[in-house]
Amino acid sequence: MSESLQTADALPEFPAEVAPERDLMSKFDGLIAERRALLDSGVTDPFAIVMEQVKSPTEAVIAGRETILLGTYNYMGMTFDPDVIQAGKDALDRFGSGTNGSRMLNGTFRDHMDVEQALRDFYGVSGAIVFSTGYMANLGMISTLAGKGEYVILDADSHASIYDGCQQGNAEIVRFRHNSVEDLDKRLGRLPAGVGKLVVLEGVYSMLGDVAPLKEMVAVAKKHGAMVLSDEAHSMGFYGPNGRGVYEAQGCEADVDFVVGTFSKSVGTVGGFCVSNHPKFEAIRLACRPYIFTASLPPSVVATAAVSIRKLMTAHAKRAQLWDNARTLHGGLKDMGFRLGTENPDSAIIAIILEDQVQAVTMWQALLDGGLYVNMARPPATPAGTFLLRCSLCAEHTPEQIQRVLAMFRAAGQAVGVIG
Ligand code: PMP
């Protein structure tokens with residue numbers, strides 16, 4: 001025990017009047033009131049949905065009702081693939097339920113090595129590092145790559161994990177206007193030469209489902225001597241000849257230094273990763289806090305991911321079906337008069353733009369009551385303060401389900417007065 005704690009008279013004297021305690025939770029009063037007002041209006045809480053049963057990649061039971069799922073990121077429908085499930089069961093039997101440790105210590109099992117090999121094969125690269133989530137992959141890569149006195153240049157509509165990666169690191173942060181090649185060029189041009197710069201882009205932006213002009217942006221980044229990281233979370237499996245993503249589809253593989261991705265979307269489980277051809281890439285494992293200071297993924301998770309990634313390499317029929325579904329849904333909604341986030345069906349995300357929260361929630365509830373689940377998104381997650389209903393398609397949606405979905409949108413849109 002230290003000297004100062006041994007005797008009471010060693011303690012400092014407190015003033016007679018102590019400042020009143022401030023409840024740190026009171027800052028959430030506004031949020032609590034807003035949520036209460038929403039629930040009092042009689043709607044289901046859009047942010048507290050429970051999947052009581054999940055029957056397939058496209059069907060679940062929600063509030064006791066059979067529901068079509070059109071708001072998951074299960075693009076390739078891998079969650080119920082029998083080979084994927086079997087791999088998870090086998091790994092549970094052979095390696096147990098968890099690793100109890102960091103990748104750096106006791107948390108690297110055979111299947112962590114195997115899934116990193118599957119990623120190297122899938123992306124045709126020399127390096128792959130798996131993180132516990134895609135969020136942590138961005139957090140770790142961005143904060144570790146760009147240090148003090150260096151720059152991260154990011155799109156204003158970047159995902160929260162990219163923003164948080166910037167906040168976690170010590171680099172200077174520069175934002176450019178969403179998908180604006182010109183603004184990126186202008187802002188890079190103002191930065192000092194000969195200083196480390198990381199341009200962070202996304203293949204597909206998840207709120208509106210719009211695709212980045214990566215080829216032009218990457219060319220601009222290279223012109224200014226910057227390295228490039230592309231988050232391909234919403235494109236893996238169905239863009240480009242090998243399904244690697246938008247950067248492959250647009251032919252800029254040679255100039256993208258780091259690709260970040262996730263297992264929580266097309267792969268169908270949980271986890272994140274970064275792949276790269278950089279000869280010193282492995283050094284990231286030695287310095288990256290979100291890689292080092294957390295437990296590694298359970299063996300069953302990485303075993304399912306490895307099988308899923310290998311199957312995605314040849315999932316040509318699924319890709320074709322996914323794009324077919326996206327075209328049919330986009331065309332159908334557009335014809336009905338809904339205002340959509342993109343002019344063309346460029347991605348597997350189709351966002352419907354609504355006027356305000358009341359319209360968005362009423363429409364969302366009408367769809368749910370009719371047996372359709374879509375995602376509702378609102379500020380601050382959305383760009384320009386918009387309220388969105390976001391549909392994300394799956395390769396396992398049947399043409400008949402898409403027709404039912406369209407009929408439900410027509411009925412709900414007319415009932416709520418969004419379309420005529
Ligand atoms: N990047 C983007 C663009 C995302 O949309 C998401 C999740 N929605 C992530 C990263 C994080 O992925 P994960 O779910 O694996 O944490």
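Helices (H or I, at least four residues) and strands (E, at least two) are DSSP runs, numbered from the N terminus. The structure is a predicted model, in which local features need pLDDT of at least 70 and side-chain atom pairs count only at pLDDT 80 or more, while totals for chains, interfaces and linings use all residues. Residues are numbered from 1 along each chain as its sequence is written, and side-chain values use heavy atoms, with hydrogens and water left out.

An unreviewed UniProt entry lists residues 67–407 as "domain: Aminotransferase class I/classII large"; such annotations may be inferred rather than shown by experiment. The span 67–407 is 40% helix and 18% strand, and its end C-alpha atoms lie 14 Å apart.

The domain assignment, whose bounds come from an automatic or database source, gives domain 1 (41–76 + 316–416) and domain 2 (81–312). Their centres, taken over C-alpha atoms, are separated by 27 Å.

| Property between domain 1 and domain 2 | Value |
|---|---|
| Buried area (accessible area, 1.4 Å probe, lost on being put together, summed over both) | about 1700 Å² |
| Salt bridges (side-chain nitrogen of Lys or Arg within 4 Å of a carboxyl oxygen of Asp or Glu) | zero salt bridges |

Carbon and sulfur atoms give 62% of the buried area. In domain 1, Tyr73, Met76 and Arg319 lose the most area to domain 2, together 30% of what that side buries.

Conventions: Buried area is the accessible area (1.4 Å probe) that two parts lose on being put together, summed over both.
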